[in-house]
Amino acid sequence: MTLKEQITEDMKSAMRAKEAERLGTIRLLLAAIKQREVDERITVDDAGIIAIIEKLIKQRKDSIEQFQKAGRTDLVDQESKELGILQAYMPAQLSEAEVQAAIQKTISSLGAAGPQDMGKVIGALKSQLAGKADMGMVSGLVKAALAK
């Protein structure tokens, strides 16, 4: 079963169970997927769906931060619930040790020597770690590894 099929099935089960918040979030996700398919005239695969989910998660995190600054706990709670629902569709996250191992392996295979090679290393890691690790954290770890 593809990720899109699973999301559609989850939407149906949320409708049957009358879970309004979950249903709204899943519909939002399906709308984002459909929008991308229409805009780019493609059928989005699982990797594309994960990229869309990552974007929606980042939006939720930014919103939560802004709402906390504004003191809007009601909106923080709503965004947090949506964030939890979206994160359920993400693949299991790698530990920092696993990310470090992937970074070291990529650095040695590319023969990266210093900070000027950071773009090559990140580019190679992006395909391996997309959806499995926070790319912001990966970038910081690569920078630290190449500075040594």
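Q: What does the secondary structure of the protein chain come to?
A: The secondary structure of this protein chain, in what is a predicted model, comes to 7 helices and 0 strands. Read from the N terminus on, the elements accordingly run α-α-α-α-α-α-α.

Q: And what box do the C-alpha atoms fill?
A: Taken along the principal axes, the box filled by the C-alpha atoms of the protein chain is roughly 55 × 40 × 30 Å.

Q: How much of the chain counts as buried?
A: Of its 148 residues, 34% count as buried. The protein chain exposes about 9,100 Å², and carbon and sulfur atoms supply 54% of that area.

Q: Which residues have the most contacts inside the largest nonpolar core?
A: Those are Ile7, Leu29, Ile33 and Ile53, in a core that has 23 residues. Helix 1 (3-16), helix 2 (20-40), helix 3 (46-70) and helix 4 (73-87) each supply at least two residues of this core, and helix 3 gives the most to it, with 7 residues.

Q: What is isoleucine 7 in contact with, leaving aside its neighbours within four places in sequence?
A: With those neighbours left aside, isoleucine 7 is in contact with Ile26, Leu29, Leu30, Ile33, Ile49 and Tyr89.

Q: Contacts across the chain, then: what share join residues at least 24 apart?
A: Among contacts between residues at least 6 apart in sequence, 55% join residues at least 24 apart.

Q: Switching to the backbone, what is phi of lysine 18, and where is the residue?
A: Phi of lysine 18 is near 55°, which is a positive value in a residue other than glycine, and the place of this lysine is in the loop between helix 1 and helix 2. Most residues other than glycine have a negative phi.

Q: Is lysine 18 buried or exposed?
A: Lysine 18 counts as exposed because its relative accessible area is 72%, and the cut-off for exposed is over 50%.

Q: What about arginine 41, where does it lie and what is its phi?
A: Arginine 41 lies in the loop between helix 2 and helix 3, and its phi, near 50°, is again a positive value in a residue other than glycine. At 77% relative accessibility, arginine 41 also counts as exposed.

Q: Last topic, charges: how far apart are the mean positions of the positive and negative ones?
A: For the 22 positive and 21 negative charges of the protein chain, the mean positions are 2 Å apart.

Notes
Residues are numbered from 1 along each chain as its sequence is written. This is a predicted model: local features need pLDDT of at least 70, side-chain atom pairs count only at pLDDT 80 or more; totals for chains, interfaces and linings use all residues. Side-chain values use heavy atoms; hydrogens and water are left out. A nonpolar core is a set of buried Ala, Val, Leu, Ile, Met, Phe, Trp, Tyr and Cys residues joined through side-chain atoms within 4.5 Å. Buried means under 20% relative accessible area, exposed over 50%, partly exposed in between (1.4 Å probe, protein chains only). Helices (H or I, at least four residues) and strands (E, at least two) are DSSP runs, numbered from the N terminus. Contact means heavy atoms within 4.5 Å. Accessible areas come from the Shrake-Rupley method with a 1.4 Å probe; for residues, only the protein chains shown count as cover. Lys and Arg count as positive and Asp and Glu as negative; His and the chain ends are not counted. The place of a charge is taken as NZ of Lys, CZ of Arg, CG of Asp or CD of Glu.
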